[in-house]
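Subject: Structure handover

Hi,

Here is the structure for you to look over. My notes come after it.

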Amino acid sequence: MMPKPRIGFLGIGIMGEAMVRRLLDLGFPVKVWNLEPERLQTVMPYGAIPADSPAEVAASSDILMLCVLHMQAVERCILGKDGVVAAGPGPSLVIDFSTADPEGTRQVAAALKQATGAGWVDAPVSGGPQLARTGQMTVMAGGSEEDFKKAKPIIEQMAGNVTLMGPVGAGQTTKIINQAIVGTGYVVMAEALMLAEAAGIDAARLPQCLAGGHADSSLLQRLYPQMQQRAFEPPSSYARQLLKDLKAVSAFAHDLELDLKVIEQGVQRYKDYVALGHEMSDSAAVVKLYEHDAAIRGKMR
């Protein structure tokens with residue numbers, strides 16, 4: 001039996017932790033680095049090997065994976081003074097699970113290719129830590145057919161749905177569309193809950209009642225019950241992060257000379273919510289904004 005490829009993993013946030021533990025469960029040797037080294041303690045007890053820099057990780061990896069916060073972090077990990085390029089030949093393939101800028105991704109991938117010959121698959125994810133832990137998350141991939149063919153066998157062990165959407169940057173572009181749907185979906189679910197509760201029907205039964213119909217969706221089955229139960233701790237996602245995501249969607253649409261009014265309304269709703277001091281709240285808790293608005297109206301009567 002061929003030995004499993006050595007995996008390097010940069011970025012041990014909530015999602016990175018879940019993915020690394022999944023890889024370890026599958027028997028892959030994994031070396032890890034994180035900007036805040038204390039986060040390494042979440043994966044070291046399960047067999048992850050710590051490193052002091054991205055370059056150290058890259059030097060002993062066949063495949064390098066990233067799950068960092070934004071484009072600047074991707075650039076720092078790949079092109080920084082202690083980044084992947086500084087390691088020399090390094091891994092033959094990079095799989096980037098981060099949410100980043102499509103054009104920036106193309107530029108960094110090209111720079112790495114020129115420096116080391118390594119391929120690149122941008123593979124942003126959806127589904128959250130629980131699905132990442134169990135190998136059921138969704139992956140939106142971008143890259144050449146050749147690089148995707150190399151990455152797919154491993155990604156398929158980490159995800160329930162993997163789709164190549166086009167060349168490098170296509171995965172990040174698809175993630176923007178995903179953020180548009182999810183971001184506005186939180187707002188729609190909050191408004192649906194407000195309607196149900198104000199009308200006096202059994203709001204808790206709405207997902208069951210609408211299952212299988214045109215209104216059915218993962219938003220209705222997963223996010224709506226969280227709102228209805230006010231089950232917001234610990235946060236599964238942050239309101240400030242979702243606002244940042246929606247702003248990125250808006251900017252991307254403007255670059256394409258599109259005017260997406262529902263997206264703009266979603267951005268404004270989260271601006272209002274974050275302005276009330278809830279920036280680190282669960283994104284589903286945007287329903288609190290509507291409760292706040294109702295309370296204000298009640299005081300004004």
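Below are notes on the sheet and on the salt bridges.

Keep in mind that this is a predicted model.

Strand 2 (residues 30–33) runs parallel to strand 3, and 2 bridges join them. Within that stretch, lysine 31 sits opposite isoleucine 49 of strand 3.

Now the salt bridges. The whole structure holds 15 of them. A few to look at:

- Aspartate 62 and arginine 6 meet through their side chains at 3.1 Å, N to O. The two are 56 residues apart: aspartate 62 lies in the loop between helix 2 (54–59) and strand 4 (63–66), arginine 6 in the segment before strand 1 (7–10). Aspartate 62 is partly exposed at 29% relative accessibility. Arginine 6 is partly exposed too, at 40%.
- Arginine 240 bridges to glutamate 279, with the closest N and O atoms 3.4 Å apart. This pair also links distant parts of the chain, 39 residues apart: arginine 240 is in helix 10 (residues 239–255), and glutamate 279 is in the loop between helix 11 (261–275) and helix 12 (287–300). Relative accessible area is 43% for arginine 240 and 31% for glutamate 279.
- Aspartate 82 pairs with arginine 76, closest N and O atoms 2.7 Å apart. Aspartate 82 is partly exposed at 22%; arginine 76 is partly exposed at 31%.
- Glu197, Arg230 and Glu291 form a salt-bridge network.

Best wishes

Definitions and conventions
Residues numbered from 1 in each chain as written. Predicted model: local features only at pLDDT ≥ 70, side-chain atom pairs only at ≥ 80, totals over all residues. Heavy atoms only, no water. Pairing = 2+ DSSP bridges. Helix = DSSP H or I, 4+ residues; strand = E, 2+ residues; numbered from the N terminus. Salt bridge = Lys/Arg side-chain N within 4 Å of Asp/Glu carboxyl O. Buried < 20%, exposed > 50% of the residue type's maximum accessible area, 1.4 Å probe, protein only.
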